[in-house]
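Here is a short report on one protein chain. Look at the sequence and the 3D view, then read on.

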Amino acid sequence: MQLIMRFSFIAPALFCLVFSQTVYAQQDRQALPDPFTFNSGKKVKSVTEWERRRKEILETMTREMYGVSPERPQNVRFEVFDEDKKALGGKATRRQVTVHMAEKGKQAQFDLLIYIPNQAKRPVPAVIGLNFIGNQAIHADPGIRLTTAWVENSGMFPCAADGRATDACRGVNASQWAVDSILARGYALVTLYREEVASDRKAQAFHTGVHTLYPELQQREDNFGTIAAWAWALSRGMDYLETDKDIDAKRVAVFGFSRLGKAALWAGATDQRFAAVLSNESGAGGGKQFRRGVGEDINRLCTVFPHWFARNLGKYKGKDTELPFDQHFVLALIAPRPVYLATAEDDKNADPPGEFATARAADAVYRFLGTNGFPNGPFPAPNQPLTGQIGFHIRPGGHDVKMFDWIQFLNFSDLHLQK
Ligand code: GCU
(Lines give C-alpha, C1' and ligand atoms only; values in the text may rest on other atoms or scores of the structure.)
Protein backbone atom coordinates (compact mmCIF):
# COMPACT_ATOMS: atom_id res chain seq x y z
CA MET A 1 0.00 0.00 0.00
CA GLN A 2 2.78 2.32 1.04
CA LEU A 3 4.63 1.41 -2.12
CA ILE A 4 1.60 2.16 -4.24
CA MET A 5 1.13 5.47 -2.47
CA ARG A 6 4.75 6.35 -2.96
CA PHE A 7 4.53 5.39 -6.63
CA SER A 8 1.34 7.37 -7.07
CA PHE A 9 3.26 10.37 -5.79
CA ILE A 10 6.45 9.75 -7.75
CA ALA A 11 4.79 8.92 -11.08
CA PRO A 12 2.99 12.25 -11.54
CA ALA A 13 6.10 14.06 -10.36
CA LEU A 14 8.18 12.18 -12.92
CA PHE A 15 5.57 12.84 -15.58
CA CYS A 16 5.59 16.54 -14.69
CA LEU A 17 9.36 16.64 -14.94
CA VAL A 18 9.48 14.91 -18.32
CA PHE A 19 6.52 16.91 -19.59
CA SER A 20 7.93 20.22 -18.44
CA GLN A 21 11.27 19.34 -20.08
CA THR A 22 9.47 18.65 -23.35
CA VAL A 23 7.42 21.82 -23.11
CA TYR A 24 10.56 23.72 -22.20
CA ALA A 25 12.38 22.31 -25.20
CA GLN A 26 9.48 23.26 -27.44
CA GLN A 27 9.32 26.76 -26.03
CA ASP A 28 13.02 27.09 -26.53
CA ARG A 29 12.77 26.14 -30.17
CA GLN A 30 9.92 28.55 -30.55
CA ALA A 31 11.61 31.35 -28.62
CA LEU A 32 11.59 34.38 -30.85
CA PRO A 33 14.95 35.52 -32.19
CA ASP A 34 16.03 38.70 -30.47
CA PRO A 35 16.38 41.70 -32.80
CA PHE A 36 18.90 43.23 -30.39
CA THR A 37 21.39 40.34 -30.58
CA PHE A 38 24.02 40.59 -33.32
CA ASN A 39 24.85 37.40 -35.22
CA SER A 40 28.04 37.36 -33.13
CA GLY A 41 25.98 37.11 -29.93
CA LYS A 42 26.85 40.62 -28.86
CA LYS A 43 23.97 42.83 -27.68
CA VAL A 44 22.97 46.17 -29.15
CA LYS A 45 23.59 48.90 -26.59
CA SER A 46 23.15 52.15 -28.48
CA VAL A 47 21.24 53.61 -31.38
CA THR A 48 24.45 53.65 -33.43
CA GLU A 49 24.87 49.94 -32.77
CA TRP A 50 21.23 49.44 -33.73
CA GLU A 51 21.96 50.95 -37.15
CA ARG A 52 24.64 48.29 -37.66
CA ARG A 53 22.35 45.55 -36.41
CA ARG A 54 19.60 46.82 -38.71
CA LYS A 55 21.93 46.31 -41.70
CA GLU A 56 22.68 42.81 -40.50
CA ILE A 57 18.96 41.99 -40.23
CA LEU A 58 18.32 43.42 -43.69
CA GLU A 59 21.11 41.29 -45.15
CA THR A 60 19.88 38.12 -43.46
CA MET A 61 16.24 38.56 -44.46
CA THR A 62 17.23 39.48 -48.00
CA ARG A 63 19.40 36.40 -48.35
CA GLU A 64 17.19 33.84 -46.62
CA MET A 65 13.73 35.02 -47.60
CA TYR A 66 12.94 37.91 -49.95
CA GLY A 67 15.92 37.77 -52.28
CA VAL A 68 18.20 40.45 -53.65
CA SER A 69 16.69 43.50 -55.33
CA PRO A 70 18.63 45.59 -57.85
CA GLU A 71 19.56 49.23 -57.37
CA ARG A 72 17.49 51.88 -59.09
CA PRO A 73 17.86 51.17 -62.84
CA GLN A 74 20.41 53.08 -64.92
CA ASN A 75 17.66 54.90 -66.74
CA VAL A 76 14.26 55.80 -65.38
CA ARG A 77 11.96 58.14 -67.26
CA PHE A 78 8.53 59.35 -66.20
CA GLU A 79 6.02 59.99 -68.94
CA VAL A 80 2.92 61.88 -67.78
CA PHE A 81 0.47 60.74 -70.44
CA ASP A 82 -2.76 61.95 -68.89
CA GLU A 83 -3.93 64.79 -66.71
CA ASP A 84 -7.50 65.78 -65.86
CA LYS A 85 -7.88 68.58 -63.33
CA LYS A 86 -11.60 67.95 -62.99
CA ALA A 87 -11.68 64.21 -62.50
CA LEU A 88 -14.26 62.46 -60.31
CA GLY A 89 -16.78 65.26 -60.68
CA GLY A 90 -14.18 67.92 -59.96
CA LYS A 91 -13.00 66.42 -56.68
CA ALA A 92 -9.58 65.38 -57.90
CA THR A 93 -6.81 65.85 -60.36
CA ARG A 94 -6.10 62.58 -62.15
CA ARG A 95 -2.62 62.05 -63.43
CA GLN A 96 -1.35 58.90 -65.11
CA VAL A 97 2.33 58.31 -65.51
CA THR A 98 4.27 55.56 -67.22
CA VAL A 99 7.48 54.66 -65.42
CA HIS A 100 9.90 53.61 -68.17
CA MET A 101 12.99 51.72 -67.04
CA ALA A 102 15.96 50.69 -69.12
CA GLU A 103 18.88 48.53 -68.11
CA LYS A 104 21.66 47.28 -70.39
CA GLY A 105 19.53 47.61 -73.50
CA LYS A 106 16.41 46.03 -71.98
CA GLN A 107 13.23 47.91 -71.21
CA ALA A 108 10.21 47.59 -68.96
CA GLN A 109 7.41 49.89 -67.84
CA PHE A 110 4.34 50.16 -65.67
CA ASP A 111 1.67 52.81 -65.10
CA LEU A 112 0.95 54.84 -62.01
CA LEU A 113 -2.60 56.09 -61.52
CA ILE A 114 -2.69 59.15 -59.27
CA TYR A 115 -5.61 61.08 -57.80
CA ILE A 116 -4.79 64.32 -56.01
CA PRO A 117 -7.54 65.95 -53.92
CA ASN A 118 -8.47 69.36 -55.31
CA GLN A 119 -9.75 70.76 -52.02
CA ALA A 120 -6.53 70.16 -50.07
CA LYS A 121 -3.57 72.46 -49.78
CA ARG A 122 -0.68 71.11 -51.87
CA PRO A 123 1.73 69.45 -51.59
CA VAL A 124 -0.42 66.71 -50.07
CA PRO A 125 0.56 63.50 -48.28
CA ALA A 126 -0.14 60.32 -50.23
CA VAL A 127 -0.94 56.63 -49.97
CA ILE A 128 0.67 54.36 -52.56
CA GLY A 129 -0.29 50.73 -53.06
CA LEU A 130 -0.31 47.93 -55.59
CA ASN A 131 -3.62 46.62 -56.90
CA PHE A 132 -4.78 43.13 -57.93
CA ILE A 133 -6.79 43.61 -61.15
CA GLY A 134 -5.37 46.68 -62.90
CA ASN A 135 -5.58 50.41 -62.28
CA GLN A 136 -8.94 50.58 -64.04
CA ALA A 137 -10.41 48.20 -61.45
CA ILE A 138 -10.07 50.52 -58.45
CA HIS A 139 -12.62 53.05 -59.76
CA ALA A 140 -15.20 53.21 -62.56
CA ASP A 141 -13.67 56.50 -63.85
CA PRO A 142 -13.64 56.00 -67.67
CA GLY A 143 -10.48 58.11 -67.94
CA ILE A 144 -8.30 55.40 -66.39
CA ARG A 145 -6.21 53.58 -69.00
CA LEU A 146 -7.08 49.88 -69.27
CA THR A 147 -4.07 47.76 -68.45
CA THR A 148 -2.60 45.81 -71.36
CA ALA A 149 -1.00 43.29 -69.02
CA TRP A 150 -2.64 39.94 -68.29
CA VAL A 151 -5.76 40.07 -66.08
CA GLU A 152 -7.21 37.08 -64.27
CA ASN A 153 -10.79 36.08 -64.88
CA SER A 154 -12.01 34.81 -61.55
CA GLY A 155 -15.41 34.36 -59.95
CA MET A 156 -14.74 37.52 -57.98
CA PHE A 157 -13.68 39.54 -61.02
CA PRO A 158 -15.39 38.06 -64.09
CA CYS A 159 -14.38 40.80 -66.51
CA ALA A 160 -11.33 39.87 -68.59
CA ALA A 161 -11.53 38.27 -72.03
CA ASP A 162 -8.62 35.98 -72.99
CA GLY A 163 -6.55 37.47 -70.18
CA ARG A 164 -7.12 41.05 -71.36
CA ALA A 165 -8.92 43.81 -69.50
CA THR A 166 -12.20 44.96 -71.00
CA ASP A 167 -14.44 47.88 -70.11
CA ALA A 168 -16.24 45.45 -67.80
CA CYS A 169 -13.09 45.53 -65.64
CA ARG A 170 -13.65 49.18 -64.76
CA GLY A 171 -14.38 49.54 -61.08
CA VAL A 172 -14.64 45.78 -60.43
CA ASN A 173 -12.38 46.09 -57.39
CA ALA A 174 -13.70 49.50 -56.25
CA SER A 175 -15.14 48.17 -52.99
CA GLN A 176 -11.60 47.66 -51.67
CA TRP A 177 -10.41 51.18 -52.53
CA ALA A 178 -11.99 53.97 -50.50
CA VAL A 179 -11.04 56.57 -53.11
CA ASP A 180 -13.58 59.20 -51.99
CA SER A 181 -12.64 58.93 -48.31
CA ILE A 182 -8.90 59.02 -49.04
CA LEU A 183 -9.34 62.19 -51.11
CA ALA A 184 -11.78 63.81 -48.66
CA ARG A 185 -9.22 63.31 -45.89
CA GLY A 186 -6.61 65.19 -47.92
CA TYR A 187 -4.47 62.34 -49.26
CA ALA A 188 -3.46 61.62 -52.81
CA LEU A 189 -3.91 58.01 -53.90
CA VAL A 190 -1.29 56.36 -56.08
CA THR A 191 -1.69 52.84 -57.42
CA LEU A 192 0.04 50.42 -59.77
CA TYR A 193 -0.86 46.99 -61.06
CA ARG A 194 1.05 43.94 -59.78
CA GLU A 195 0.96 42.12 -63.13
CA GLU A 196 2.53 45.05 -65.03
CA VAL A 197 5.39 44.96 -62.54
CA ALA A 198 5.99 41.20 -62.30
CA SER A 199 3.71 38.34 -63.19
CA ASP A 200 2.02 36.46 -60.37
CA ARG A 201 1.41 33.44 -62.60
CA LYS A 202 3.77 30.57 -61.83
CA ALA A 203 4.53 29.76 -65.46
CA GLN A 204 5.30 33.37 -66.36
CA ALA A 205 7.11 34.25 -63.15
CA PHE A 206 10.45 36.05 -63.65
CA HIS A 207 9.80 36.38 -67.42
CA THR A 208 7.71 39.54 -67.46
CA GLY A 209 7.92 43.17 -66.36
CA VAL A 210 10.80 44.35 -64.24
CA HIS A 211 12.23 40.84 -63.91
CA THR A 212 13.21 40.91 -67.58
CA LEU A 213 15.72 43.67 -66.79
CA TYR A 214 17.68 41.43 -64.41
CA PRO A 215 17.82 37.81 -65.62
CA GLU A 216 21.15 37.39 -63.82
CA LEU A 217 19.38 37.89 -60.49
CA GLN A 218 17.53 34.61 -61.05
CA GLN A 219 20.78 32.60 -61.25
CA ARG A 220 21.19 32.50 -57.49
CA GLU A 221 19.45 31.07 -54.46
CA ASP A 222 18.77 34.54 -53.05
CA ASN A 223 17.01 35.41 -56.31
CA PHE A 224 14.91 38.55 -56.87
CA GLY A 225 11.50 37.17 -55.86
CA THR A 226 8.13 38.52 -56.92
CA ILE A 227 7.23 40.06 -53.56
CA ALA A 228 10.60 41.86 -53.67
CA ALA A 229 9.91 42.97 -57.27
CA TRP A 230 6.57 44.45 -56.26
CA ALA A 231 8.24 46.23 -53.33
CA TRP A 232 10.97 47.49 -55.65
CA ALA A 233 8.33 48.92 -58.02
CA LEU A 234 6.78 50.79 -55.09
CA SER A 235 10.20 52.39 -54.63
CA ARG A 236 10.25 53.35 -58.30
CA GLY A 237 6.80 54.88 -57.72
CA MET A 238 8.38 56.84 -54.89
CA ASP A 239 11.11 58.00 -57.31
CA TYR A 240 8.35 59.54 -59.37
CA LEU A 241 6.55 61.06 -56.39
CA GLU A 242 9.77 62.84 -55.44
CA THR A 243 9.46 64.72 -58.72
CA ASP A 244 5.74 65.59 -58.45
CA LYS A 245 5.35 69.00 -56.84
CA ASP A 246 1.74 68.36 -55.83
CA ILE A 247 2.80 65.55 -53.52
CA ASP A 248 4.91 65.74 -50.39
CA ALA A 249 7.24 62.76 -50.84
CA LYS A 250 8.23 62.98 -47.17
CA ARG A 251 4.67 62.04 -46.18
CA VAL A 252 3.92 58.93 -48.21
CA ALA A 253 2.40 55.82 -46.64
CA VAL A 254 2.78 52.50 -48.44
CA PHE A 255 -0.33 50.31 -48.37
CA GLY A 256 -1.07 46.74 -49.41
CA PHE A 257 -3.59 43.95 -48.92
CA SER A 258 -2.69 40.29 -48.56
CA ARG A 259 0.20 39.31 -50.88
CA LEU A 260 0.46 42.98 -51.76
CA GLY A 261 0.52 43.73 -48.02
CA LYS A 262 3.58 41.47 -47.77
CA ALA A 263 5.11 43.61 -50.52
CA ALA A 264 4.14 46.85 -48.73
CA LEU A 265 5.89 45.69 -45.55
CA TRP A 266 9.02 44.76 -47.48
CA ALA A 267 8.93 48.11 -49.31
CA GLY A 268 8.78 49.89 -45.96
CA ALA A 269 11.59 47.70 -44.63
CA THR A 270 13.90 48.30 -47.60
CA ASP A 271 13.12 51.91 -48.46
CA GLN A 272 13.24 54.41 -45.62
CA ARG A 273 11.65 57.11 -47.76
CA PHE A 274 8.23 55.59 -46.95
CA ALA A 275 7.02 57.51 -43.93
CA ALA A 276 4.49 54.87 -42.82
CA VAL A 277 3.33 51.34 -43.66
CA LEU A 278 -0.31 50.20 -43.78
CA SER A 279 -0.60 46.45 -44.09
CA ASN A 280 -3.97 44.76 -44.43
CA GLU A 281 -4.20 41.02 -43.66
CA SER A 282 -0.72 40.33 -45.00
CA GLY A 283 -0.49 37.02 -43.13
CA ALA A 284 2.32 34.53 -43.78
CA GLY A 285 5.44 36.20 -45.13
CA GLY A 286 3.87 39.47 -44.05
CA GLY A 287 2.79 40.39 -40.54
CA LYS A 288 2.23 36.90 -39.10
CA GLN A 289 4.70 35.06 -36.96
CA PHE A 290 5.92 31.76 -38.41
CA ARG A 291 6.90 30.27 -35.05
CA ARG A 292 3.36 30.00 -33.75
CA GLY A 293 2.74 27.35 -36.37
CA VAL A 294 -0.84 28.50 -37.00
CA GLY A 295 -2.29 29.08 -40.47
CA GLU A 296 -0.22 29.22 -43.64
CA ASP A 297 3.36 28.00 -43.19
CA ILE A 298 6.60 28.17 -45.15
CA ASN A 299 5.94 24.86 -46.85
CA ARG A 300 2.63 26.10 -48.26
CA LEU A 301 4.04 29.49 -49.25
CA CYS A 302 6.98 27.94 -51.10
CA THR A 303 4.87 25.22 -52.72
CA VAL A 304 1.82 27.16 -53.87
CA PHE A 305 3.65 30.42 -54.62
CA PRO A 306 7.26 29.38 -55.35
CA HIS A 307 7.98 32.68 -57.11
CA TRP A 308 7.07 34.98 -54.21
CA PHE A 309 10.22 34.54 -52.16
CA ALA A 310 13.83 33.65 -52.87
CA ARG A 311 14.58 29.94 -53.40
CA ASN A 312 16.56 30.03 -50.15
CA LEU A 313 13.31 30.17 -48.18
CA GLY A 314 12.63 26.61 -49.39
CA LYS A 315 15.35 25.40 -46.97
CA TYR A 316 12.94 26.12 -44.14
CA LYS A 317 10.00 24.08 -45.45
CA GLY A 318 8.64 22.23 -42.40
CA LYS A 319 11.22 24.06 -40.28
CA ASP A 320 9.46 27.31 -39.56
CA THR A 321 10.99 27.46 -36.08
CA GLU A 322 14.50 27.33 -37.53
CA LEU A 323 14.37 30.59 -39.42
CA PRO A 324 17.05 32.85 -37.96
CA PHE A 325 14.39 35.58 -37.64
CA ASP A 326 10.65 35.94 -37.53
CA GLN A 327 8.41 38.61 -38.99
CA HIS A 328 8.85 41.06 -36.10
CA PHE A 329 12.24 41.67 -37.75
CA VAL A 330 10.44 43.23 -40.72
CA LEU A 331 8.77 45.65 -38.33
CA ALA A 332 12.15 46.23 -36.69
CA LEU A 333 13.49 47.27 -40.11
CA ILE A 334 10.59 49.71 -40.49
CA ALA A 335 11.09 51.16 -36.98
CA PRO A 336 10.80 53.87 -35.82
CA ARG A 337 8.42 54.74 -38.67
CA PRO A 338 4.73 54.04 -37.99
CA VAL A 339 3.32 50.71 -39.09
CA TYR A 340 -0.26 49.41 -38.91
CA LEU A 341 -1.33 45.77 -39.08
CA ALA A 342 -5.02 45.23 -39.84
CA THR A 343 -6.54 41.77 -39.44
CA ALA A 344 -9.96 40.08 -39.67
CA GLU A 345 -11.59 37.43 -37.48
CA ASP A 346 -12.30 34.89 -40.20
CA ASP A 347 -8.92 35.27 -41.91
CA LYS A 348 -7.61 32.20 -40.08
CA ASN A 349 -4.89 31.42 -42.61
CA ALA A 350 -3.30 34.75 -41.77
CA ASP A 351 -3.50 33.99 -38.01
CA PRO A 352 -4.61 37.36 -36.54
CA PRO A 353 -3.15 36.51 -33.08
CA GLY A 354 0.11 35.81 -34.91
CA GLU A 355 0.05 39.31 -36.40
CA PHE A 356 -0.69 40.70 -32.94
CA ALA A 357 2.28 38.72 -31.57
CA THR A 358 4.50 40.30 -34.22
CA ALA A 359 3.40 43.80 -33.21
CA ARG A 360 4.03 42.92 -29.56
CA ALA A 361 7.49 41.51 -30.34
CA ALA A 362 8.49 44.61 -32.33
CA ASP A 363 7.47 46.94 -29.52
CA ALA A 364 10.90 46.79 -27.82
CA VAL A 365 12.66 48.07 -30.94
CA TYR A 366 10.16 50.90 -31.37
CA ARG A 367 10.59 51.93 -27.73
CA PHE A 368 14.37 51.64 -27.93
CA LEU A 369 14.21 54.12 -30.82
CA GLY A 370 12.26 56.59 -28.70
CA THR A 371 8.64 56.04 -29.76
CA ASN A 372 5.65 54.84 -27.75
CA GLY A 373 5.76 51.45 -29.51
CA PHE A 374 2.71 49.20 -29.30
CA PRO A 375 0.13 49.78 -26.53
CA ASN A 376 0.35 47.26 -23.68
CA GLY A 377 -2.56 44.98 -23.03
CA PRO A 378 -4.31 41.87 -24.28
CA PHE A 379 -5.55 40.98 -27.75
CA PRO A 380 -8.23 43.59 -28.48
CA ALA A 381 -11.94 43.07 -29.07
CA PRO A 382 -13.15 43.41 -32.68
CA ASN A 383 -13.34 46.96 -34.02
CA GLN A 384 -11.20 48.32 -31.15
CA PRO A 385 -8.04 49.67 -32.78
CA LEU A 386 -4.84 49.89 -30.76
CA THR A 387 -2.84 52.94 -31.67
CA GLY A 388 0.75 53.62 -30.86
CA GLN A 389 3.65 53.98 -33.26
CA ILE A 390 2.54 50.45 -34.11
CA GLY A 391 -1.20 50.18 -34.77
CA PHE A 392 -3.41 47.08 -34.89
CA HIS A 393 -7.02 46.05 -35.22
CA ILE A 394 -9.14 43.02 -35.81
CA ARG A 395 -12.57 43.42 -37.35
CA PRO A 396 -15.36 40.91 -37.90
CA GLY A 397 -15.51 39.23 -41.30
CA GLY A 398 -13.09 37.69 -43.74
CA HIS A 399 -10.18 38.34 -46.06
CA ASP A 400 -11.02 41.70 -47.63
CA VAL A 401 -10.41 45.44 -47.40
CA LYS A 402 -13.41 47.17 -45.84
CA MET A 403 -14.31 50.78 -45.19
CA PHE A 404 -13.59 50.13 -41.51
CA ASP A 405 -9.99 49.23 -42.42
CA TRP A 406 -9.52 52.39 -44.48
CA ILE A 407 -10.94 54.62 -41.75
CA GLN A 408 -8.39 53.19 -39.30
CA PHE A 409 -5.57 53.59 -41.84
CA LEU A 410 -6.55 57.22 -42.41
CA ASN A 411 -6.94 57.97 -38.68
CA PHE A 412 -3.51 56.43 -38.09
CA SER A 413 -2.00 58.32 -41.03
CA ASP A 414 -3.51 61.58 -39.75
CA LEU A 415 -1.57 61.15 -36.51
CA HIS A 416 1.70 60.82 -38.35
CA LEU A 417 1.40 62.41 -41.78
CA GLN A 418 -1.00 65.34 -41.54
CA LYS A 419 0.70 68.51 -40.39
C1 GCU B 1 -3.40 33.18 -50.59
C2 GCU B 1 -2.10 33.04 -49.87
C3 GCU B 1 -1.86 34.19 -48.89
C4 GCU B 1 -2.10 35.50 -49.57
C5 GCU B 1 -3.44 35.51 -50.24
C6 GCU B 1 -3.75 36.75 -51.08
O7 GCU B 1 -4.46 32.98 -49.71
O8 GCU B 1 -2.07 31.81 -49.22
O9 GCU B 1 -0.54 34.15 -48.39
O10 GCU B 1 -1.95 36.55 -48.66
O11 GCU B 1 -3.50 34.44 -51.15
O12 GCU B 1 -2.84 37.40 -51.55
O13 GCU B 1 -4.93 37.01 -51.28
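Is Trp308 buried or exposed, and what is its relative accessible area? Trp308 is buried, with a relative accessible area of 3%. Keep in mind that this is a predicted model.

## Overall build

The protein has ten helices and ten strands. Its C-alpha trace spans about 90 × 50 × 45 Å along the principal axes. The radius of gyration is 23 Å. A compact globule with 419 residues would have a value near 22 Å, so the two agree.

Of the 419 residues, 58% are buried. The accessible surface comes to about 17400 Å². Carbon and sulfur atoms hold 55% of that surface.

## Helix α2

Helix α2 covers residues 47–66. Its buried residues include Trp50, Ile57, Met61, Met65 and Tyr66. Charged residues are buried here too, among them Glu49, Arg53, Arg54, Glu56 and Glu64.

What do the buried residues of α2 pack against? Their partners are α5 (226–241), α6 (259–270), α8 (328–334) and α9 (352–368). After α2 comes Gly67, and its phi is positive, near 90°.

## Aromatic pairs

The count of aromatic pairs is 22. One of them joins Tyr214 and Trp232. Their ring centres are 5.8 Å apart and their planes stand at 80°. Planes over 60 degrees apart count as edge-to-face, so this pair is edge-to-face. Tyr214 lies in the loop between α4 (194–197) and α5, while Trp232 lies in helix α5. The pair therefore ties together parts that are 18 residues apart in sequence. Both Tyr214 and Trp232 are buried.

Now return to Trp308, which pairs with Phe305. Here the ring centres are 3.8 Å apart and the planes are at 5°. The cut-off for stacked is under 30 degrees, so this pair is stacked. Phe305 has a relative accessible area of 16%. Buried means under 20%, so Phe305 is buried.

Ring pairs also build a cluster. It links Trp177, Phe255, Tyr340, Trp406, Phe409 and Phe412.

Terms used:
Residues are numbered from 1 along each chain as its sequence is written. This is a predicted model: local features need pLDDT of at least 70, side-chain atom pairs count only at pLDDT 80 or more; totals for chains, interfaces and linings use all residues. Side-chain values use heavy atoms; hydrogens and water are left out. Helices (H or I, at least four residues) and strands (E, at least two) are DSSP runs, numbered from the N terminus. The radius of gyration is taken over C-alpha atoms; the globule rule is 2.2 Å times the number of residues to the power 0.38. Buried means under 20% relative accessible area, exposed over 50%, partly exposed in between (1.4 Å probe, protein chains only). Accessible areas come from the Shrake-Rupley method with a 1.4 Å probe; for residues, only the protein chains shown count as cover. Contact means heavy atoms within 4.5 Å. Rings of Phe, Tyr and Trp (its six-membered ring) pair if their centres lie within 6.5 Å; planes under 30 degrees apart count as stacked, over 60 as edge-to-face and the rest as tilted.
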